[in-house]
Amino acid sequence: MSELKLRQAKRILSKGIAYGRDRNLKPLAIVVLDPGGHPKAFEREDGASPGRYAVAMGKAYGCLMLGMGGSAMMARAEQQAYFMAAMNGLFGGRVVPVPGGVLVRDRRGQIIGAVGVSGDVSENDAAAAVAGIEAAGLTAEP
């Protein structure tokens, strides 16, 4: 099984932030998690509110715990609100089921982590995560 390397996590951060700056997005917070939901790397831009870490973490953590990207989690929450509420309860309220949480897969399709981005609208957050993941040579599942 491959592992998400620190150098890859740092590249995800730098390219995700660069994506946001190139598009004049609001200041972003980006967290990269290992497959167990533990932070591998984190960065919060100047001007991003301090609570953005918790939101980014919840987006990425939910992806890992449920094995789906943020867009799929949001669709599931809209279709089965009771299920998502139960899942959030099981995981201590740590799941944020909206775009901006993105699974990271290796070349064989194995989940090796997740990225959470918060700061702008959810769709822009997700695009920044995808840009970072792809720049690291990995596959994104928003």
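Between which strands does the loop that holds D106 lie? D106 sits in the loop between β3 (101-105) and β4 (111-118).

## About the model

This is a predicted model, in which local features need pLDDT of at least 70, side-chain atom pairs count only at pLDDT 80 or more, and totals for chains, interfaces and linings use all residues. Residues are numbered from 1 along each chain as its sequence is written, and side-chain values use heavy atoms, with hydrogens and water left out.

D106 has 6% relative accessibility, so D106 counts as buried (under 20% relative accessible area, with a 1.4 Å probe and protein chains only). Its side chain has a polar atom 2.9 Å from the backbone nitrogen of R108. A polar atom of the D106 side chain also lies 2.9 Å from the backbone nitrogen of Q110.

D106 touches S2, I112, L138 and T139, leaving aside residues up to four places away in sequence. Contact here means heavy atoms within 4.5 Å.

## Helices α1 and α5

Helix α1 (residues 6-22) packs with helix α5 (residues 122-135) at an angle of about 135 degrees. Their axes are 7 Å apart.

R11, I12, K15, G16 and Y19 of α1 make the contact with N124, A127, A128, A131, G132, I133 and A135 of α5. By class, this contact has seven nonpolar, three polar and two charged residues. Gly counts as polar here.

Conventions:
Axes are lines fitted to C-alpha atoms, for helices over the stretch in contact, and angles run from 0 to 180 degrees between N-to-C directions. Helices (H or I, at least four residues) and strands (E, at least two) are DSSP runs, numbered from the N terminus. Buried means under 20% relative accessible area, exposed over 50%, partly exposed in between (1.4 Å probe, protein chains only). A polar contact is a pair of N or O atoms within 3.5 Å; within protein, one must be able to donate a hydrogen and the other to accept it, and residues adjacent in sequence count only if both atoms are side-chain atoms.
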